[in-house]
Amino acid sequence: MSMKRTNVYADPEDLAIIKEAAKRRGISEAEIIRQGIHLAAMANRVWDEPLFSRTFEGPGRTPSKAEVRDVVADAVRRKTDSGTAA
């Protein structure tokens, strides 16, 4: 992979942390900075498709804690009644 050189301004305290981490991990400071740039790029990427493209029918509101508990309990009960419980 080809690399392109760039200059950035960084806080001296951040650079000191990077320097210590590089020494501790046995890798270059540049590698840690490249990893950080990659994480920042991926966090700000705009995807062509939404993460969730399927929609589900529902009440149009967030269910209450009691409703969630009841649905889960019913599902466990059905699974137990069918003889597939562990």
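What share of the 86 residues in the chain do buried residues make up? Buried residues account for 5% of them. The views below are taken from a predicted model.

View 1. The chain contains three helices and zero strands, and from the N terminus on its elements follow the order α-α-α. Along the principal axes, the C-alpha atoms fill a box of roughly 60 × 35 × 30 Å. The radius of gyration of the chain is 25 Å, whereas a compact globule of 86 residues would have one near 12 Å.

**View 2. Asn44 in the loop between α2 and α3.** Asn44 is placed in the loop that lies between α2 (29-43) and α3 (65-81). Asn44 counts as exposed because its relative accessibility is 62%, over the 50% limit. The side chain of Asn44 reaches the backbone oxygen of Ala40 at 2.8 Å. Between the C-alpha atoms of Asn44 and Glu20, which are 24 residues apart along the chain, the separation is 27 Å.

**View 3. Helix α3 and the residue Gly83.** Helix α3 has 17 residues, which at 1.5 Å a residue should span 24 Å; the end C-alpha atoms of α3 are 24 Å apart, so the two values agree. Gly83 follows α3 and has a positive phi, near 80°.

Conventions
Residues are numbered from 1 along each chain as its sequence is written. This is a predicted model: local features need pLDDT of at least 70, side-chain atom pairs count only at pLDDT 80 or more; totals for chains, interfaces and linings use all residues. Side-chain values use heavy atoms; hydrogens and water are left out. Helices (H or I, at least four residues) and strands (E, at least two) are DSSP runs, numbered from the N terminus. Buried means under 20% relative accessible area, exposed over 50%, partly exposed in between (1.4 Å probe, protein chains only). A polar contact is a pair of N or O atoms within 3.5 Å; within protein, one must be able to donate a hydrogen and the other to accept it, and residues adjacent in sequence count only if both atoms are side-chain atoms. The expected span of a helix is 1.5 Å times one less than its number of residues. The radius of gyration is taken over C-alpha atoms; the globule rule is 2.2 Å times the number of residues to the power 0.38.
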